[in-house]
Amino acid sequence: MKDIVFDLGGVLIDWNPRYLYRKIFATEAETEWFLTHICTSQWNTQQDAGRSFEEGIELLSKKYPEYAFAINFYYTRWNEMLGSEISGSVQILRELKARGHRVYALTNWSAQTFPIARKKYKFLEEFDGMVVSGEEKLVKPDPVIYSRLLERYQLRAPNCVFIDDNSANISKAADLGFETVLFTTPEDLRRILTSRGLL
């Protein structure tokens, strides 16, 4: 049996800061400008890597005081960035488990906000193990976080299938010996896993 390692955001959970900021800004262009120039993905990654939201927000608000109110919402209204579970992917997760595969999560996620996701998405209880970047103070594609998953759960990279929607994370996993799947849609994931005899 293979060990299946899932990313969460974009694969099993529909998380998108636009769900919140479309309520804050009047136009799509303003929303996109804010998320590409102020609360960028690179800034958010620092929280995924263990920096507190309080520190990240303070630093950014000092730099862009005119946007301080909106920057603060990134934490105080973070739950509004959560969409639904990606049901087709969750169904695949459950089918893999039913076939006897162990399933794990390796996610870039803030330790401060992950408990909110845990409460909202009950399927997270179905994993055999989980490594959350904010708790480890490491983010993908740092090779150390992949090693931590392997060591913690006594896994071997060649026996693991790693599923992620980020090509850099996939590339690093492949370098480390993981079998990989670049996620696009649940339908494509099902096709790939079926072709490999896992479903």
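**Note on buried residues and aromatic contacts**

1. Cys 160 has a relative accessibility of 0%, so the residue counts as buried; here buried means under 20% relative accessible area, exposed over 50%, and partly exposed in between (1.4 Å probe, protein chains only). Cys 39, at 2% relative accessibility, is likewise classed as buried. The structure holds 0 disulfides, a disulfide being a pair of cysteine sulfur atoms within 2.5 Å.

2. On the basis of the values: this is a predicted model, in which local features need pLDDT of at least 70 and side-chain atom pairs count only at pLDDT 80 or more, while totals for chains, interfaces and linings use all residues. Residues are numbered from 1 along each chain as its sequence is written, and side-chain values use heavy atoms, with hydrogens and water left out.

3. Ser 133 belongs to helix H8 (residues 133-136). Helices (H or I, at least four residues) and strands (E, at least two) are DSSP runs, numbered from the N terminus. With 0% relative accessibility, Ser 133 is buried. Its contacts (heavy atoms within 4.5 Å), leaving aside neighbours within four places in sequence, are Asp 48, Thr 107, Asn 108, Trp 109, Leu 138, Val 139 and Ile 145.

4. A search of the whole structure finds 20 aromatic pairs. In one of them, the ring centres of Phe 53 and Tyr 75 lie 4.9 Å apart with the planes at 5 degrees, so this pair is stacked. Rings of Phe, Tyr and Trp (its six-membered ring) pair if their centres lie within 6.5 Å; planes under 30 degrees apart count as stacked, over 60 as edge-to-face and the rest as tilted.

5. Phe 53 is buried at 1% relative accessibility, whereas Tyr 75, at 27%, is partly exposed.

6. Trp 78 and Trp 109 have ring centres 6.0 Å apart and planes at 65 degrees, so the pair is edge-to-face. This pair, too, links distant parts of the chain, 31 residues apart: Trp 78 is in the loop between H5 and strand S3 (82-85), and Trp 109 in the loop between strand S4 (102-107) and helix H7 (114-120). Both Trp 78 and Trp 109 are buried.

7. One aromatic cluster is formed by Tyr 21, Phe 25, Trp 33, Phe 34, Trp 43, Phe 53, Tyr 67, Tyr 74 and Tyr 75.
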